[in-house]
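Work through the exercises below with the sequence and the model side by side. Try each task before you read its solution.

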Amino acid sequence: MNRELKNQLLIFLTLFIALYIDSYLFSSAFQMLKPTFVLLTLIYWNMALPDRIGIMAALSFGIFVDLIEGSLLGFHGVPFVLITYLCQRFFYQFRVSPLWQQSFIVFFLFILYKQVFALDLSNTNQDITNLSDISFLFSSFLFALFSALIWSPLYLILRYYRRRWVKS
Amino acid sequence: MMRRREHKVSYLSGEAIFAIPAMKPSKVFLSLVFCTFLMLSDVYYESSSKIRGYAQDLFMPLGALVNVPVDLIASVPDSLRTRSQLKLSLEQAELENKKLKVINQFLEKVSKENEELNSLWSSTKLNFDNYSFARKRSISSNEFQPILTVDIGRKSDAGINDVLLSPSGMVGKLISLGLYSAEIMVLHDVRSSVPVITEKSKLHGNVRGSGVGRTGNIEYIKKTASYELGEKVYTSGIAGIFPEGIFVGEITSIEDLADSEFLKVEVSFMQTPFNQDFYLIYKNE
């Protein structure tokens with residue numbers, strides 16, 4: 001098989017595994033706080049091999065997540081594309097940072113990502129939430145914290161996988 | 001073999017600079033426009049509701065795969081057990097069997113009572129053909145718009161807007177349908193609005209969800225309305241989407257806010273989609 005194609009398939013395999021983990025049903029408390037593994041994996045590949053993954057992958061997996069989560073079609077596509085762009089734009093700075101700094105960046109990215117869910121795109125309820133909603137802020141904080149904590153092990157696993165399987 | 005886009009040439013030395021070109025902002029812009037177009041078509045024409053159910057059918061093997069690690073972990077202790085341990089567990093199972101036989105004798109009495117109840121049940125106007133079983137598959141992690149996905153039988157005649165019920169009342173309504181799957185908008189969803197009537201004061205209103213772990217609100221209630229705390233709330237059947245008399249929740253708070261022209265009436269939903277595995281789909285006539 002062509003090496004380029006094989007690499008692409010191996011990258012997409014990790015994204016599909018992340019999608020599988022995302023569709024796993026956890027207990028009620030953790031279900032709303034679990035990290036979005038697809039996005040974390042997408043961030044990793046954008047940082048590690050930015051020329052192997054592009055905007056189409058971000059868009060496609062955003063739509064897959066929309067279909068699994070039952071949200072508006074294109075809803076996850078927007079943050080996925082924006083985060084992909086940011087990662088590709090600053091990947092030189094991002095990938096040389098130590099892991100704790102990367103986790104810190106992931107924390108802030110995921111806090112912002114969580115705020116997208118509070119947007120009332122269907123104009124159903126005038127006051128879904130706002131920044132004074134303590135419970136939403138707290139759940140956003142925990143969500144970002146879990147994502148930041150999971151970043152380091154995920155990074156190490158994916159790096160091992162890349163070095164072992166994805167040949168440049 | 002070097003690809004054309006993998007390097008630039010230095011103006012000073014004329015040597016190749018190996019840099020990966022950044023993603024073009026125009027591509028990002030086009031993608032965002034495409035996403036916005038998808039969202040707008042979904043908001044105004046519900047364009048995705050027809051394909052969602054079938055997409056869930058496609059993701060069904062993913063749902064089956066989810067159980068693989070759990071089954072594997074469960075099977076590990078069995079494979080590590082010795083012959084004597086297995087013999088012991090067999091003896092325990094035999095003892096359990098004897099207990100069950102005794103319990104069965106009592107059950108015969110219970111089943112007679114059950115028959116009586118069944119005859120009472122059948123004397124009502126409920127049509128059993130309108131019910132079908134559904135099994136929970138997954139719940140989305142969006143706390144404001146949680147979508148419950150359930151497995152339905154291939155021969156199920158469930159349709160859009162059918163009601164999903166649990167033993168503790170209404171769970172939500174069916175919004176998208178596939179061959180084997182259905183998506184449910186639960187009561188907690190901010191898009192959900194259910195016409196209700198209260199048990200004692202017999203006042204009508206619409207209950208709107210506010211997200212998982214939050215109470216719902218009865219909307220646009222005049223300040224002169226006399227609701228009672230703890231009052232039970234049932235579907236009123238108005239608008240014909242939900243059948244009449246299904247339990248929705250209980251009033252937990254009534255506030256008369258000075259800066260609002262309406263009363264703030266909060267309804268606590270007794271049922272949550274998380275702690276239930278099986279549901280009934282009620283086909284509303």
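**Exercise 1. Find how strand E12 of chain B is joined to E13(B), and in which sense they run.**

Solution. 
- Step 1. Locate strand E12 at residues 247-255 of chain B. Strands are DSSP runs of E with at least two residues, helices are runs of H or I with at least four, and both are numbered from the N terminus.
- Step 2. Count the bridges: six join E12(B) to E13(B), and the two run antiparallel. Two strands pair if DSSP finds at least two bridges between them.
- Step 3. Pick one bridge: Gly249(B) has Phe269(B) in E13(B) as its partner.
- Step 4. Look at the link. E12(B) and E13(B) form a hairpin, with six residues between them.

The model is predicted: local features need pLDDT of at least 70, side-chain atom pairs count only at pLDDT 80 or more, and totals for chains, interfaces and linings use all residues. Residues are numbered from 1 along each chain as its sequence is written, while chains are lettered from A and ligands numbered from 1 in the order in which they are written.

**Exercise 2. Decide whether H4(A) is mostly covered or uncovered, and say what lies over it.**

Solution. 
- Step 1. H4(A) has 15 residues and reaches 21 Å from first C-alpha to last, close to the 21 Å expected. The expected span is 1.5 Å times one less than the number of residues.
- Step 2. Eleven of the 15 residues are buried, so H4(A) is mostly covered. Buried means 20 or more other C-beta atoms within 10 Å of the residue's own; exposed means 12 or fewer, and partly exposed lies in between, with C-beta atoms placed from the backbone.
- Step 3. Among the buried residues are Ile55(A), Phe61(A) and Glu69(A).
- Step 4. The cover includes H1, H3 and H5 of chain A, together with H1 and E4 of chain B.
- Step 5. Just after H4(A), Gly70(A) takes a positive phi of about 75 degrees.

**Exercise 3. How many residues does each chain bring to the contact, and which helix of chain A gives the most?**

Solution. 
- Step 1. Chain A brings 35 residues and chain B 37. Contact means that C-beta atoms, placed from the backbone, lie within 7 Å.
- Step 2. On the side of chain A that touches chain B, H2, H4 and H5 each supply at least two residues. H5(A) gives the most, with six.
- Step 3. Sort that side by type: 19 nonpolar, twelve polar and four charged. Ala, Val, Leu, Ile, Met, Phe, Trp, Tyr, Cys and Pro count as nonpolar, Asp, Glu, Lys and Arg as charged, and the others, Gly among them, as polar.

Methods:
Contact = placed C-beta atoms within 7 Å.
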